[in-house]
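Thanks for asking me to go through this model with you. Here are my notes, as numbered points you can follow with the structure open.

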Amino acid sequence: MTTAEQTQAEPEKPTSESTANEAPSVQCARDLLAFLTERAPTLSSLLILTHDFPDPDALATAFALQHLLQQGFGVESKIAYGGVIGRVENRAMVTALKIPARRFKRTDLRPGRPVALVDTQPAFQNNAFPRNRRATIVIDQHASDKPVSADLAIVDTGCGATCVIVAQALRLKNIEIPTRVATALAYGILSDTLDLYRATRSDVVQTYLSVLHHSDMKVLARIQNPDRSKSFFVTLGRCIREAMVFRHLVVAHLGNIANPDLVSQMAEFLLTYDKIKWSVCTGRYKGRLHVSLRTTVQETNAGEILRDVFDSRKDAGGHKAIAGGSFIVGLNVPEEVWKEREETLHTRLKQRLRISKRTAVRKPFQR
Ligand SMILES: [Mn+2]
């Protein structure tokens with residue numbers, strides 16, 4: 001833990017002057033407010049763009065930023081995302097909280113339009129933003145070795161969830177947080193921090209408690225326990241049947257899937273199996289093989305490991321315990337080609353994790 005991470009938050013003092021020792025998320029919120037104060041007149045019809053297949057944190061950040069812009073600065077904005085909203089919890093979140101997010105279209109990026117990227121960065125592969133364009137605002141929590149190409153770049157890698165920064169800005173500016181926005185923020189923080197398990201800083205927990213106070217607990221519970229479709233159970237069944245164990249690694253190739261988020265959900269689920277330290281799942285979706293890697297090993301970098309086993313390192317990303325990525329296999333390619341790519345992937349991963357080639361495969365859930 002760094003000194004910055006140990007800094008105590010001072011949430012109840014919405015002063016405009018910065019104080020020494022204030023939490024990093026408060027400093028970030030101050031930077032955001034200062035920028036918006038100066039640039040508000042130039043931000044009309046701002047596009048708020050999340051990463052592809054947005055997660056609850058990305059959606060909550062976008063929704064809260066839209067509210068901040070409107071209430072604090074009279075700036076209207078639109079929220080867009082690439083890919084689809086896959087996980088059933090995330091769809092329940094958008095529906096129940098009426099988050100006005102819609103799919104990104106090329107025409108959203110007309111020249112000169114200001115763009116805010118949230119929970120991602122211009123250099124990342126996981127968004128629809130052109131690599132050569134400069135963003136107006138970037139608010140993110142992910143570390144990157146590339147400089148952030150934006151007029152305002154806020155990256156707080158210890159904030160637990162990106163939406164913490166926008167929640168702090170709403171509080172600093174004394175803007176009332178409506179129930180729908182508060183509930184989105186609470187769920188965004190919970191889901192990005194594994195129910196606060198990964199929240200290492202007190203300002204993150206305090207922000208969570210302050211938004212929880214304004215949240216609709218009934219709706220929050222409904223989002224966390226949504227109705228699941230038949231395709232979810234079909235994939236779950238296949239996952240269990242097909243799971244292969246090589247020592248402490250479990251592998252499941254899910255075949256065709258209804259949405260890419262199922263891959264990470266199944267990888268997380270398999271990781272809970274007794275004595276398993278690594279899990280990897282793949283799924284075929286629109287000509288791409290989607291891959292998720294999870295681990296319980298403490299001192300490692302799953303992101304680095306997945307990049308090592310991919311043909312192209314830029315197609316994968318992640319951090320300590322979590323990694324994901326996808327690559328093109330092709331539309332209408334024969335079954336053997338898919339099979340070959342799936343097998344290559346888990347063979348390379350076995351090698352990378354130093355699991356002997358001779359290790360016998362077990363299918364533990366088949367009898
Ligand atoms: Mn996030």
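**Notes on the predicted model**

1. Let me begin with a residue on the partly exposed side: Glu-268 has a relative accessibility of 40%, so it counts as partly exposed. Please keep in mind throughout that this is a predicted model. Glu-268 makes a salt bridge with Arg-294, with 2.9 Å between the closest N and O atoms. This pair links distant parts of the chain, as Glu-268 sits in helix 10 and Arg-294 in strand 10, 26 residues apart. Arg-294, at 8% relative accessibility, counts as buried.

2. Helix 10 itself deserves a look. How many of the 10 residues of helix 10 are buried? Eight of them are, so the helix (residues 261-270) is largely enclosed by the rest of the structure. The buried residues are Asp-261, Leu-262, Val-263, Ser-264, Gln-265, Met-266, Ala-267 and Leu-270. Their cover includes helix 4 (88-96), helix 9 (230-242), strand 8 (249-256), strand 9 (278-285) and strand 10 (288-295).

3. Now to the metal. Which residues coordinate the manganese ion? The donors come from Asp-57 (OD), Asp-119 (OD), Asp-119 (OD), Gln-141 (OE1) and Asp-192 (OD), at 2.1 to 2.8 Å. Along the chain, these donors follow the spacing D-x61-D-x21-Q-x50-D. Asp-57 lies in helix 3 (residues 56-73), while Gln-141 is in the loop between strand 5 (135-140) and strand 6 (150-155), so this pair ties together parts that are 84 residues apart in sequence. Asp-57 and Gln-141 are both buried.

4. Most residues other than glycine have a negative phi. Asp-119 is not a glycine, yet its phi is positive, at about 65 degrees. You will find Asp-119 in the loop between strand 4 (115-118) and strand 5, and at 1% relative accessibility it counts as buried. Ser-45 also has a positive phi, about 55 degrees, without being a glycine. Ser-45 is in the loop between helix 2 (24-39) and strand 1 (46-50) and, at 29% relative accessibility, counts as partly exposed.

5. Is Thr-61 buried or exposed? With 0% relative accessibility, Thr-61 counts as buried. Thr-61 belongs to helix 3, and a polar atom of its side chain lies 2.7 Å from the backbone oxygen of Asp-57. Leaving aside residues up to four places away in sequence, Thr-61 touches Val-118, Thr-162, Cys-163 and Val-166.

6. Asp-156 is another one to click on. Asp-156 is in the loop between strand 6 and helix 5 (163-172) and is buried, its relative accessible area being 6%. Its side chain makes a polar contact with the side chain of Arg-201 (2.9 Å) and reaches the backbone nitrogen of Gly-158 at 3.1 Å.

7. How do the two domains meet? The domain assignment gives domain 1 (3-224) and domain 2 (230-352), and 29 Å separate their centres, taken over C-alpha atoms. Nine residues from domain 1 and eight from domain 2 take part in the contact. The area buried between the domains is about 770 Å², with carbon and sulfur atoms giving 54% of that area. On the domain 1 side, Phe-53, Arg-87 and Gln-125 supply 49% of the area buried against domain 2, more than any other three residues. Between the domains there are zero salt bridges, but three residue pairs are in polar contact.

8. Finally, back to salt bridges, which come to a count of 22. Asp-311 and Arg-341 form one of them (3.3 Å, N to O). Asp-311 is in the loop between helix 11 (302-309) and strand 11 (316-318) and Arg-341 in helix 12 (residues 335-352), so the pair ties together parts 30 residues apart in sequence. Asp-311 counts as exposed at 58% relative accessibility, and Arg-341 as partly exposed at 22%. Within helix 12, Glu-335 and Lys-339 form a salt bridge with closest N and O atoms 3.3 Å apart; being four residues apart, they are separated by about one helical turn.

Methods:
Residues are numbered from 1 along each chain as its sequence is written. This is a predicted model: local features need pLDDT of at least 70, side-chain atom pairs count only at pLDDT 80 or more; totals for chains, interfaces and linings use all residues. Side-chain values use heavy atoms; hydrogens and water are left out. Donors are N, O and S atoms within 2.8 Å of the metal (3.2 Å for Na, K and Ca); water is not among the atoms, so sites may look incomplete. Helices (H or I, at least four residues) and strands (E, at least two) are DSSP runs, numbered from the N terminus. Buried means under 20% relative accessible area, exposed over 50%, partly exposed in between (1.4 Å probe, protein chains only). Domain bounds come from an automatic or database domain assignment. Contact means heavy atoms within 4.5 Å. Buried area is the accessible area (1.4 Å probe) that two parts lose on being put together, summed over both. A salt bridge is a side-chain nitrogen of Lys or Arg within 4 Å of a carboxyl oxygen of Asp or Glu. A polar contact is a pair of N or O atoms within 3.5 Å; within protein, one must be able to donate a hydrogen and the other to accept it, and residues adjacent in sequence count only if both atoms are side-chain atoms.
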